[in-house]
Amino acid sequence: CKPTLHRCAISPIFRANRFRPRNSLMIGQNVSHYEITDKIGAGGMGVVYRARDTRLNRDVALKFLPEHLASNEESRNRFVQEARAASALDHPNICTIYDIDATDDGRTFIAMGYYSGRTLDDIISTDDLSTDQACSLIRQVAAGLARAHDRGIVHRDIKPSNILITDDGVAKVLDFGLAKLSGSADITRDGSTVGTAAYMSPEQARSDEVDGRTDIWSLAVLLFEMLTGERPFKGDYEQAVIYSILNEEAPDASSIRSGLPQGLSDIISKCLDKDPRARWSSMRDLHAALGQYSTDDPSSVRVGSSGSDANPTRTVMVFSLAAVIVLAIVYALMLGLGLPDWVFPAAVVLMLAGFPVMYLASSADRRRTKGKTGFAASTLIDKFLTVRKAALGGLGVFTGLAFIVAGYMFMRST
């Protein structure tokens, strides 16, 4: 599982006095030979902590079953199954499982790799991905899932929040909690539907028997979303989404994103055929088909910035330098062209207003890249504001000011 933005972990709510349910009190506590150093995030199935392996001197992510699910047998079984499924795989595009252990009071936890990066959930909401970037990342995920399928493991919950992209551009598949293992009992055999509605295949939505082709469908939905910015099957509530999956055809991706190769759109459409037999027969086939639209160099598909790069103080300093240069230019133009006296004060006010905006944007970028959001969006700022958007907004404001001044000068000359 992963760190910075990573959903793959779950954290404990210990009953023992030294392990209090309060998340803030977990920091600095020891679990086995792991020292908890930070909380990464939390989701419906648990909480993730960053910890230090004191034996091997490395950072890890610890995933615990939350207290409200600890007494639920199905949740415990899924938790153990996740460790069993992921530990059976050794692939660079699947999160590494180091250990499964229990605390003194009996709480089971999984120790897994800690990777610095961002989930696709966050990347899709803040970054514009090129065709090459999207296909390259999806091919990496396909490579990891192909290994899982070779071992008889179907993930069944492929979605943006379960894919981590490291700072080096490497995709990691997280959270095998709903994985189906061949030769083992299906934890959800009672007929209940598992997975996330928007990314479910028709057969999964019907609670039918599934195989690796259900992951092919989910991966195509994810690729569609990365390329177009929207999902192929929509609805105001879960049942409406499932109805769309079962009864409506996915739109052609090239009709939404202009310039998208028709061949790529056809690949996606083939994956989204409601009949599993009409899809690609294996994840390796899909991986091969996407090869002509992507690169095999992870460094070329790096997206976003690392947490260390998103420095609010540095951003404000750079903005200050840019503000001085812009104001000097405005002042020179005012003297040289005889611009109105109010132009320079207006530019100063706009620049002063930009300082808090840039600071908030950089802080939001840093929180996102450090994984402080993603499990639940904390504020509207964290959801929508980025340094890039703030800079483009500032450019738009000054362009508007320039038009106003030009209009004023024109009116004055006539």
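**Stop 1: a sheet**

Three strands make an open sheet in the order β7-β9-β10, with antiparallel pairing. Select β7 (117-119) and β10 (171-173): these are the edge strands, each with a single partner, so one side of each has no neighbour in the sheet. On average, neighbouring strands here are turned by 25 degrees against each other, direction ignored. That angle is taken between N-to-C directions, on a scale from 0 to 180 degrees, with axes fitted to C-alpha atoms.

Pick Ile 165; its bridge partner in β10 is Ala 171. Strands pair here if DSSP finds at least two bridges between them. Strands (E, at least two residues) and helices (H or I, at least four) are DSSP runs, numbered from the N terminus.

A note on the source: this is a predicted model, where local features need pLDDT of at least 70, side-chain atom pairs count only at pLDDT 80 or more, and totals for chains, interfaces and linings use all residues. Residues are numbered from 1 along each chain as its sequence is written, and side-chain values use heavy atoms, without hydrogens or water.

**Stop 2: two loops**

Most residues other than glycine have a negative phi. Select Asn 57, in the loop between β3 (46-53) and β4 (58-64). Its phi is positive, about 55 degrees. Next, go to Arg 156, in the loop between β8 (153-154) and β9. Arg 156 also has a positive phi, about 70 degrees.

Which of these is buried, and which exposed? Asn 57 is exposed, at 56% relative accessible area. Arg 156 is buried, at 7%. Buried means under 20%, exposed over 50%, and partly exposed in between (1.4 Å probe, protein chains only).

**Stop 3: the largest pocket**

Show Val 326, Met 351, Gly 394, Leu 395 and Phe 398, the closest to the centre of the largest pocket among its 29 lining residues. α13 gives the largest share of the lining, 12 residues. A pocket is an open set of 1 Å grid points where a 1.4 Å probe fits, with protein on both sides within 12 Å along at least five of seven lines; lining residues have an atom within 4 Å of a point.

**Stop 4: helix α10**

Select α10, which has 26 residues. Its buried residues are Pro 312, Thr 315, Val 316, Phe 319, Ala 323, Leu 327, Val 330 and Met 334. Finish on Gly 338, which follows α10 and has a positive phi near 70 degrees.

Note on methods: The expected span of a helix is 1.5 Å times one less than its number of residues.
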